[in-house]
Each structure stands twice: as structure tokens, then as C-alpha cells.
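Visitor: I would like to learn how to read a sheet and its ring pairs in a model like this one. Could you take me through the features step by step?

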Amino acid sequence: MNATRQEQEIQQRVFADKCQRLHTHLVGTKTLLREIGEYNRSKWPVHYPLARIAQAAATNAGNGLRRSNSMLLNSESTLVEGLGPAPIRRAMTTEDVPSSSSSDTEASERLLDVNDLSVLKLDLRLSYHGDSDVIGSLEESSIARLFDERLLQCEAHIDKLIARVTDKSSKILVTGDLNAGKSTLVNALLRRDILPFDQQPCTMLFCEVVDASLNADVEEIHGVPDISAYNQKDPRTYTRVGLPDLEDVVMENGEQFQQLKIYTRDVRSDGASLLHNGSVDVALIDSPGLNRDSLKTTQLFARQEEIDVVVFVVNAENHFTLSGQDFLVSAGNEKAHIFIVVNRFDAIRRKDRCERMILDQIRDLSPLTYAERSDLVHFVSAHEQLAAERAGTQGADSFSRMEKSLRSFALEQRFKSKLAPAQRYAMNVLGDVQYLAAENVAAATKRIQEINALLRESMPRYETLLQERTDTSRQAEAALDDGCAEVRRHTSTHLTNTTRHLQDVAEKVAYPGLLSLWNYAESVLLAMVRHLEHEVSECDRFACFTIQHARADLARLEDHRRALDDSEAKDASSWNDNDDDGSTSGSLTASQLAPIGSISNALDTVQLELSDFVDFDIAHNWAALTSVSTALTLLASKSMASNALTLLRLSSTMGPQTARRLMVASAALIGLGSVFYVVSDMDATVRRKLSARLELMLDDEGFVQHHAERLTTEASRAIRPFVWHLQHTFQRMVEAEEHRRADHLRRRHVAQDSQIYFDELRIKAHALANQVRAVGNADAVNSHF
């Protein structure tokens, strides 16, 4: 007796140690999922193999019964003895990246099969149809959000698993299809008619049956409107329901209660009773049938997450319905072993055929349950057991074996019934994490390859753009400088020559005579000013021509730039919108020049002066007289000697007074000749004096330099915007290419970081999975005790 008690104490300590270790590993798994979620939201949207999973799901959709996912891929042994996740492998780094010629098949062979993704698999039922393009339309960010929601669901489920592991009681959920006899089975297990039953579906809410010892040994029924707020010691959180009213409440709840808490006594011994077993507090939960309505079915699916043991009741006449299959697949994500009771087996005529067909279904739905079918699958008749209990006779042996197996499964094999589902779920999660980590390592590697290829392909273009930008900028500046230099040179030369030859312009003005000399002088002055204006305008036209020529050179450079960047062709098409019409282009260029206004401030105030009519230039007049005397000398050179001899003879014969008179007359004659000369040369004097005065005024004012500088500035102002536009657009092209390259480098850096992160994540998940697996390892347990 003492040895048995000591053995039980050891088993209790072993179980407590397993609970503690599994609790630690579940917390570690939750932390790992939280880190993945944070990484998915902030750094790298987790690559999800949506297309391949959907294709695999579509392939399997028509295969009839679906098999629940299991980490025991090639084994029918228990979870502890299973294979677990695939061996870890080192992820490729950037140095290990294969060439882009590697096929997708080779990449996929490095990963787990898509069917191994179970807990973290997204719902792809909308994508099973061949005509659906849901997968193609989903963006990476949308998939990341769906995946993040799935991670949060898994975290919430792990919280429930942690609560279940730390809870010392055991909850047994009795569920199944409508009218499968679930309530009848619970009554048969209790050996009492407590729960109402009928040929028609009658259970409308969850009914939890527990031992009355948990309620001060008082049998009561508590109607709980909010199960999360239920407090047994606070009557405000529940309503007492009398046993006679139980049937009406169960059948016609009307959403009044979420659950019924039924405290009842089981007078049998601890060794015979399931509720009153002497070691573990057990709760039997009767549930509404599947397919009662969508809300009840959803609640049932959610409720099974809080359950330690699932007893699935199958109507022997109907076998497994689609809703039953879905439930087992959902529960199979964490519960490798499902306790299955095939009820109403007494109504079957060919029992061997029925048993074989149901076992075949179980083999596909839950392989591990099928592997232990002798302990976990039972064919009974619950109503026969109740009838025998009422008659005080012995029930069927099949029911006794089922009850004994359930007691053993729920109480003696608590690791398998209570901890193994949590262990299995954690193993499935960690296996999915390893699979997704491997997928993301491969995705990051592929992205690095693609980015490296893009960088290599874009490098020649980038180098060409840099060189073209330098060359084009130099050519554009040269076109600007050459144009301005040509305008300056032409204006300086042309206006200098114009001011030096103003007198030639005045010669075209007709001389009306001495009486109209003043009007003549005004006409000459006006002609000179108009000639200057005309020549300045001519310089303006030359500047316009030079600007057009420079623009044409820049337009050719712009065409070359557009050839390098077709994306800006539409924007750059406005460069020469007006070049088709030469006059329009010329007027546009001319309009860019500042208005000439007055060509000279000095000319605005110039007036005629008396000095313009008299030439006091002795050098000029002496030269004229000298030329006249020279001409007279030449004309009289032949008779000069004879005339001189004659004058000598006359002077010797006449007196001194007569000689003086003769000399005076000669002088007067010479003076009259000079006056006549001056009057006859008055028009030339006016032209000469005005042109000289204007030339001096324009030189003092800097007329030539002013207009040369003005036109050079205006030409630069007209050409410079086109140079700037060309340089700016080229700079934008270079910056756009640099931004693309910088974005590629940033994405490559993120991919490299993600490659390292997911490689380490896979290693971490593999190590954690080994620790979770070791919880059920007998050798590991013995090492602690």
C-alpha cells in the first residue's frame, strides 16, 4: 500500500515537472510568435507561400476525407516517439547564393512540403475554385496583415493552453453531430438521468457537469449568463435552476444563459466514478450538436480549445458527417488523440461492416487515434446502459470497456490527454515557424539575387548618365559662352565701325543751300541718330539669331537626353513647341530681350550749336588752303617766271604807293576767295562737326560698351534658362537613377538582415521544438528524479 502511494506521489511529481517545463516552453513559443509578428509589421512582411499552399489544397480538396495535420509525418506512434520537425540546415548567405539559372524546383526541394503547414496556414477556401484570382490579387502587405492576425490568434490559443496546463482539473467535452446521443452518453457515464434527452435534438447550450463536492456537497444547477464573470460564491453571477425546469432551460434557452453548471453526486466509489475519482477534478461538458446553427457550431469550435479531452460521439447510422470531419481536423491541430464513441451501435444489423467503414474514416481523419483504436474507439449503446441501470442489471461489456478506457485516458494517461495536446500544438506551431523561416530565407536569397542582377544591369546606364551629364553640361555651357561672346564681339565691332562712319551717312542728305543750312544740320543730325538706332536694332537682330542658333544646339542636346530617358519624353516635348514657326520663335526670342528704349542718354539731349557750322580746325583749313595754293601753283607754273619778271619791271616803274595798293587789292582778293571757300564748304563742315561731336559724345558715354554689355546680358538671360533646364533634367535623371539604386541597396540590406534573422529563427525554433519534444521523453524525466 505504501509502495503504491509512493509510486503515485512520484507520478504526481513527474507530471508536475512536465507541466512546469511545458509551461515554460509554451511561454517561449508565444514570445517567439510575438517577435515574428513584430518583425512582420515593422521590418519584413513575412513571405507566405500562398500560391503553392492553395494549389496543394485544391489538389487535396477532391480527395474526399481530409487528414488532420500532424508533426508525426511518417509514424503512427505516440507524439513523444514521433519524428518532429525536419533537421535544421544552415541558410544560404549572400556568398552562398547560387546563380539565377537555378530552377524553382531545386529551391522548393530545400523546403518542407506545403502540407506540413498546419496551425499558421491561412484560410484559402475562397481560392480553391479554378476561376478565382484571389491569390494573385492579394498584395504582400495584405498577406502580411492576414498572417499577423493568424499569429495573434495563435498567441491567444497558447494563452488558453497555458491556462490548461496550469489547471489541475480535467475538462472532458462530449460533442458530435445532431442527435448522436451525447446527453444520453453523459447520463450513462453518471448512471443518472440528469440531462434531458429526446429523439429530436434538445441540447441548446453547454452543460458542464461537475462533482457536488466542489459546491459544498450541495446538488445545484447554476444558469450562467456570462461564463467569464461566473463566481460560484457570488449569486449575482448566476441563476439557480431547479431540476424540474432543467429540461425547459436546456431545450428552449432563448439566449438567456451561456452555460449551465450542474453540481451532482456520484455515489459510486472513487475507483468506479469518473467525477468522484479521488485524485483529479473532472468536468463533463455536454455540448449542442454540430450543424445546429452556425453560431453554435462556431462556439463549439472555439470551446474545444479550452478542453483537455474530446469525446466525439458518432451516430453509427450516419458515420462521420462533413461538419464532424471539419471539427476533427480543427481539433487535430493540437489533439493527436481523440476519444471516439460510436453510439447506437445496437441498431446496426451488419456491425462488422459498419465498424470497418468508420475505422477507415478515422484512419484518414486522425491517424494516431486509429493507431490506438483499441483504447480510443468504442462501439456502444448508451441508452441500453441506462436501461440496464434502471433495471438494476449488468450493462454491456462494450460500455464498461469504454468507460474504463476513458477513465484511464483522462486520469491515468494525463500526459497524453492533458499535456500532449498542448505539446502537439506547440510542435505544430514551431514546425510551421521552421517551414516559414526556410521559405523566407529562400525568398530573401532570391530577392538578393534579383537586386544584385538589377544593380549589375543598371550600372552601365548609371555610368552613362554620369558621363552624359558631364559632357552635356559642358557643351551647354560652351553654347552659352560662345553665343554671348559672339554677340559681344559683333556688337562691339559693328557699333564701333558705325560711330566712326557717321559722316558717310550724312552725305546722303541733300544740301538745300546756304539759306537752309540750319534745317540741313537738323536733317543731318536726325539721319545720324536714326542710323544709330537702325544699327543698334541690327545688333539686336543678330543677338536674336545667335540666341536661336544656341537654342537649336541645346535642342539637339535635349533630343539626345530624351533618347536616354523615354519616361520624360512627354514632359520634354514642350521644348520646341514653337520652333516650327521661325517668325514665332524669333518674336519669342525678341520678347525675351529687354526693350531698347533710348539708344543713348546723350542723344536724347543733343542740340545744334553755332560751332557745328564753323570749323576752327586750323589744321584742316590750312590743309585745304595749301591744297588750293598748290593747285594754283600747278596751274601757273609755266608762266610764273614771266609774270614775276613783269611785276619786277612794273614795280620799278611805279611808285611805292601804287605798289601798296596793289598788295592790298591782292590781299582782299585772297580774303574774298577764302570766304567763298568757307561758305561753299559749309555742308561738309556741318557733317564733319556733327559726326565728330556725336562720336565724341558716344565715346564719353560708353555707347558701344553699353550695348555690347546689354545684348550680351540679354543673350545670356535668354539662353541660360534652356541651359539650366537641360542641366536640371539631366540631374533629375541621375538622381532618379541614384534613388533607384539606393532603394535597391536598401531593399538588399533588408533582405540580407531578414535572411540572417530567419536563419537564426529557424535554428531557435528547432531548438525550442526539441525542448518541447523532450517534455514527454521518459529519459529526460528520469534525469530529474
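Visitor: In what order do the strands of the open sheet lie?

Guide: Strands of a sheet pair through backbone hydrogen bonds, either parallel or antiparallel. Here the open sheet has nine strands with mixed pairing, in the order β4-β3-β5-β2-β6-β1-β7-β8-β9, and its edge strands, each pairing on one side only, are β4 (239–240) and β9 (377–379). Strands (E, at least two residues) and helices (H or I, at least four) are DSSP runs numbered from the N terminus, and two strands pair if DSSP finds at least two bridges between them.

This is a predicted model, in which local features need pLDDT of at least 70 and side-chain atom pairs count only at pLDDT 80 or more, while totals for chains, interfaces and linings use all residues. Residues are numbered from 1 along each chain as its sequence is written, and side-chain values use heavy atoms, with hydrogens and water left out.

Visitor: In which sense do β2 and β6 pair?

Guide: Strand β2 (residues 206–211) pairs with strand β6 (residues 282–286) in the antiparallel sense, over three bridges, and Glu208 has Ile285 in β6 as its bridge partner.

Visitor: How many aromatic pairs does a search of the whole structure find?

Guide: Rings of Phe, Tyr and Trp (its six-membered ring) pair if their centres lie within 6.5 Å, and planes under 30 degrees apart count as stacked, over 60 as edge-to-face and the rest as tilted. The search finds nine such pairs. In one of them, the rings of Tyr39 and Tyr757 have centres 3.9 Å apart and planes at 5 degrees, so the pair is stacked. This pair links distant parts of the chain, 718 residues apart, with Tyr39 in helix α1 (residues 2–42) and Tyr757 in helix α25 (residues 703–774).

Visitor: Are Tyr39 and Tyr757 buried or exposed?

Guide: Buried means under 20% relative accessible area, exposed over 50%, and partly exposed in between (1.4 Å probe, protein chains only); both Tyr39 and Tyr757 are buried. Phe312 and Phe327 form another stacked pair, at 5.8 Å centre to centre with 25 degrees between the planes. Phe312 counts as buried at 1% relative accessibility, and Phe327 counts as buried at 0%.

Visitor: Which ring does the charged end of Lys351 sit over?

Guide: A charge sits over a ring if NZ of Lys or CZ of Arg is within 6 Å of the ring centre and within 35 degrees of the ring normal. The charged end of Lys351 sits over the ring of Phe345, 5.7 Å from its centre, and Arg363 lies over the face of Tyr370, at 5.4 Å from the ring centre.
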